[in-house]
Amino acid sequence: MYSGRTGSFIFTIREDKMKITKSMNNNYNIVNKNKNQINFKGYTIGPDEIWTSTGYSTSGPGGYVSGYKVPKNATPNYPGAYPNKYTKIYKAAPFEIIPEEIYKTHDYTIRDDLRLSQIQKDYKNGYNNFASNAVNEQKFLEYHTNKYKKQSEEHKRLIDGYKKRMEFTTNDSVKQKYAIRLQKREKGFTESNKQMEGYKVPLQNAKERFKVLKALDDKIGEIHKSYSEEQYEQKKLMDYRNPFTEETQIKEKLKKIKELEYEQSQAVKNAGNDLKPFQFEQIEEEKAAVRARYDVKINRLKEGIKNLNQQIADGKAEIPNIIKKCGIIRERISQLYKELDNCMANVEKLYKAKYPNWL
C-alpha cells in the first residue's frame with residue numbers, strides 16, 4: 001500500500017512538512033537537551049464511513065457502506081492518496097515534530113496549527129471560532145504542566161520519605177541504598193520542575209493568544225448579529241411597502257362577507273316558512289334573529305378588515321423610521337469593521353512576537 005512513493009515531488013512534500021513541523025517547537029522556550037524530555041505525540045485515526053440508504057435506514061438493514069472520507073483538514077502524505085477502508089490518518093499534537101516514519105506509514109496527516117496567514121485570509125468571511133484553537137493549545141499545555149507537577153510532587157514525597165528513613169537508620173548499607181534512591185528521585189524532581197517551568201511561558205502565550213482571538217471572534221459575532229438585524233429590518237420594510245399578506249387576508253374576508261350576505265338573505269327569506277301567515281310578529285322575530293346571527297359573523301369580518309387596514313397604515317407610517325434604523329445599522333457595521341481590523345492588528349502583533357513560526 002505504501003509502495004511507489006519516491007520521486008522529487010514526494011520528497012518536496014515531505015521536506016516541506018518536516019521544515020514546518022520542526023519549526024513549531026521553537027514557539028516554546030524550553031531547554032531540550034534530552035530529546036525525550038518533551039513528548040509532543042499525536043495518534044492514528046481511521047477514515048469516516050459513507051453510508052448509502054437502500055430503504056428507510058442509512059445504517060444496519062437497509063443501508064451499506066458505499067465509501068470512505070477523511071476530514072477536510074487532512075492533507076495527503078503522497079500523490080494519489082485516496083480514502084479507503086485501510087486508510088491511516090495521523091492527527092498530530094500541537095507543535096509536534098512529526099517523525100519521517102509517520103509520513104511513510106500513514107496516508108494522511110492532520111495538523112491543528114492555526115497560522116496567521118489563515119486568520120488573515122478568513123477573518124472577514126464570517127464566524128470561525130478562532131479562539132477554540134488557543135483553547136486546545138492551552139488544554140494541551142495544562143495537561144503536560146499538570147503531568148510534570150504530579151511527577152514533581154511524587155518525587156518530593158519520596159525524597160522526604162527517604163531522608164527520614166536515613167535519619168532513623170544506623171545501617172550503612174541501608175543508608176547507601178536510600179542514598180542511591182534519593183539521588184535518583186532528586187534528579188527526577190529537578191527534571192520535572194524544569195519541564196514544568198518550561199511550560200509557563202508557552203501557557204501564558206496561549207492565554208494571551210486566546211484573549212486576542214476571542215476578541216476577534218466576538219467582533220465578528222457583533223458584525224454577524226448586526227447584519228442579521230439589518231436583514232430583519234429590511235424584511236419588515238419590504239412587508240410594509242408591499243403588504244401582500246394583509247391585502248390577501250382582506251380579499252379573503254371580503255369574499256367571505258359576500259358569501260355570508262348571500263347566505264343571510266336566503267336564510268332571512270326562508271325564515272318563518274313553517275309559520276302561518278297571520279303569525280306576522282313571530283315571522284318577523286325569526287327573520288330578525290337569523291339576520292342578527294349573520295350580522296355577528298359579518299361584523300366580526302369587517303372588524304378584521306378594519307384592523308388589517310390599520311396594520312397597513314401603521315406599517316407605511318413606520319417606513320421612514322425603518323429606513324433610518326437601517327442607516328444606523330450600516331454605520332455601526334462600518335465602525336465594527338474598523339474595530340475588527342484593530343482586533344486583527346492585535347492578533348498580528350502577538351503572533352509576530354510570540355508565534356514567529358506560525359506566520
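Two residues are in contact here when heavy atoms lie within 4.5 Å. That idea runs through this report on a predicted model.

**Lys 287**

By this contact rule, Lys 287 touches Val 268, Lys 269 and Ala 271, leaving out residues up to four places away in sequence. Lys 287 belongs to helix α8, which covers residues 280–354. Is Lys 287 buried or exposed? Its relative accessibility is 15%, so Lys 287 counts as buried. The cut-off for buried is under 20%.

**The whole chain**

The protein has 8 helices and 6 strands. Starting at the N terminus, the elements follow the order α-β-β-β-β-β-α-β-α-α-α-α-α-α. The protein has 359 residues, and 34% of them are buried. Now take the contacts with a separation of 6 or more: 73% of these join residues 24 or more positions apart.

**Ala 81**

Ala 81 sits in a loop. That loop runs between β4 (74–76) and β5 (89–91). With 18% relative accessibility, Ala 81 counts as buried. Which residues does Ala 81 contact, apart from neighbours within four places in sequence? They are Pro 76, Asp 107 and Tyr 108. Tyr 108 is 27 residues from Ala 81 in sequence, yet their C-alpha atoms are 7.7 Å apart in space.

**Rings that pair**

The model holds 5 aromatic pairs. Two of the pairs are set out below, with the distance between ring centres and the angle between planes.

| Pair | Centre distance | Plane angle | Type |
|---|---|---|---|
| Tyr 148 and Tyr 199 | 6.1 Å | 20° | stacked |
| Tyr 227 and Tyr 337 | 6.5 Å | 65° | edge-to-face |

Why is the pair of Tyr 148 and Tyr 199 stacked? Its planes are at 20°, and planes under 30 degrees apart count as stacked. Tyr 148 is in helix α4 (residues 131–168), while Tyr 199 is in the loop between α5 (172–198) and α6 (200–241). The pair therefore ties together parts that are 51 residues apart in sequence. Both Tyr 148 and Tyr 199 are buried.

The rings of Tyr 227 and Tyr 337 have their planes at 65°, so this pair is edge-to-face. It links distant parts of the chain. Tyr 227 is in helix α6 and Tyr 337 is in helix α8, 110 residues apart. Tyr 227 is partly exposed, with a relative accessible area of 34%. Tyr 337 also counts as partly exposed, at 24% relative accessibility.

Ring pairs also join Tyr 351, Tyr 355 and Trp 358 into a cluster.

**Charges over rings**

Lys 177 lies over the face of Tyr 178, 5.3 Å from the ring centre.

**Helices α4 and α6**

How do α4 and α6 cross? Their axes come within 8 Å, at an angle of roughly 160°. Angles over 145 degrees count as roughly antiparallel. The two helices, α4 and α6, are therefore roughly antiparallel to each other. The crossing of α4 past α6 is left-handed. On the α4 side, the residues in contact include Ala 131, Val 135, Leu 141 and Thr 145. On the α6 side, they include Pro 202, Leu 203, Phe 210 and Leu 213.

Note on methods
Residues numbered from 1 in each chain as written. Predicted model: local features only at pLDDT ≥ 70, side-chain atom pairs only at ≥ 80, totals over all residues. Heavy atoms only, no water. Helix = DSSP H or I, 4+ residues; strand = E, 2+ residues; numbered from the N terminus. Buried < 20%, exposed > 50% of the residue type's maximum accessible area, 1.4 Å probe, protein only. Phe/Tyr/Trp six-rings, centres within 6.5 Å; stacked < 30°, edge-to-face > 60°. Lys NZ or Arg CZ within 6 Å of the ring centre and 35° of its normal. Axes fitted to C-alpha atoms, helices over the stretch in contact; angles between N-to-C directions. Parallel < 35°, antiparallel > 145°, perpendicular 65-115°, else oblique. Left-handed = near helix turned anticlockwise from the far one by under 90°.
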